[in-house]
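The report below is meant for a reader meeting this structure for the first time. It begins with a pair of helices and then turns to the chain as a whole.

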Amino acid sequence: MRYQRFAPAFRKRPFHAAAGLLFAAAAGVSLPANAACQLQAMTYDYPEQRLDQALQQFAHTSGCPVEMDNALVEGHRAQAVSGRFTPDAALIQLVRGSGLEVHLDDGHYRVSQSDREHIDSRIETFRYRIGSARGDGTLDPHNADALMTQLDAIEAQSDQLITEQGFLSAAEKASHERFFAWLEGRLAPSNL
């Protein structure tokens with residue numbers, strides 16, 4: 001995956017995030033874009049446009065760098081955003097509806113699908129385990145079908161929430177993790 005990070009201090013020149021961070025650390029230089037990130041509400045007035053363009057415009061307006069995978073945002077559109085927003089709210093508005101996620105970690109903004117990928121990976125692992133337990137007779141078909149239905153519901157709900165909200169909340173992630181922990185116990189050999 002190729003990640004780009006739009007940083008206003010570099011005047012519209014994207015760079016590979018890992019290489020930029022390694023360069024900055026080796027040179028003992030801090031990245032000025034982080035210092036320029038304006039966390040207070042400001043006016044944003046963006047038309048509907050390609051998502052990569054909107055993210056670059058956001059980085060220049062807010063002073064907040066945004067890390068993204070070029071291939072991931074390709075083909076996605078950003079919604080029009082007009083009004084006064086904090087940077088995180090403006091970024092979520094831009095991404096909302098695309099199926100991508102906004103991650104806000106210590107003033108570091110990232111657009112990805114990491115929550116969706118994590119949930120999908122867990123679900124696929126559990127589907128395999130349920131299928132194996134059903135196949136070898138340690139889990140009856142009725143219970144296997146019920147568990148598969150619950151996994152399908154979590155997958156659909158997560159996709160819907162990410163698309164509608166532009167993120168998956170901590171409470172929603174915790175709810176899924178509680179179910180996965182319960183399912184892990186349910187599929188333990190001693191419980192089958």
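## A pair of helices

In this predicted model, α6 and α8 are roughly parallel to each other, because the angle at which they pack is about 20° and angles under 35 degrees count as roughly parallel. The axes of the two helices lie 12 Å apart, and their crossing is left-handed. The table sets out the residues through which the two helices meet.

| Helix | Residue range | Residues in contact with the partner helix |
|---|---|---|
| α6 | residues 114–135 | D115, H118, I119, R122, I123, F126, R129 and I130 |
| α8 | residues 170–186 | K173, H176, E177, F180, L183 and E184 |

## Another helix and the aromatic rings

Helix α5 covers residues 87–95, and its buried residues include P87, A90 and L91, together with I92, L94 and V95. After α5 comes G97, a residue whose phi is positive, with a value near 90°. Elsewhere, Y44, Y46, F58 and Y109 form one aromatic cluster, while a search of the whole structure finds six aromatic pairs.

## The chain as a whole

The chain contains eight helices and nine strands, and 41% of its 192 residues count as buried. When contacts between residues at least 6 apart in sequence are considered, 64% of them join residues that are at least 24 apart. The accessible surface of the chain comes to about 10,000 Å², and carbon and sulfur atoms account for 54% of that area.

Conventions: Residues numbered from 1 in each chain as written. Predicted model: local features only at pLDDT ≥ 70, side-chain atom pairs only at ≥ 80, totals over all residues. Heavy atoms only, no water. Helix = DSSP H or I, 4+ residues; strand = E, 2+ residues; numbered from the N terminus. Buried < 20%, exposed > 50% of the residue type's maximum accessible area, 1.4 Å probe, protein only. Contact = heavy atoms within 4.5 Å. Areas by Shrake-Rupley, 256 points an atom, 1.4 Å probe, with all protein chains shown as cover. Phe/Tyr/Trp six-rings, centres within 6.5 Å; stacked < 30°, edge-to-face > 60°. Axes fitted to C-alpha atoms, helices over the stretch in contact; angles between N-to-C directions. Parallel < 35°, antiparallel > 145°, perpendicular 65-115°, else oblique. Left-handed = near helix turned anticlockwise from the far one by under 90°.
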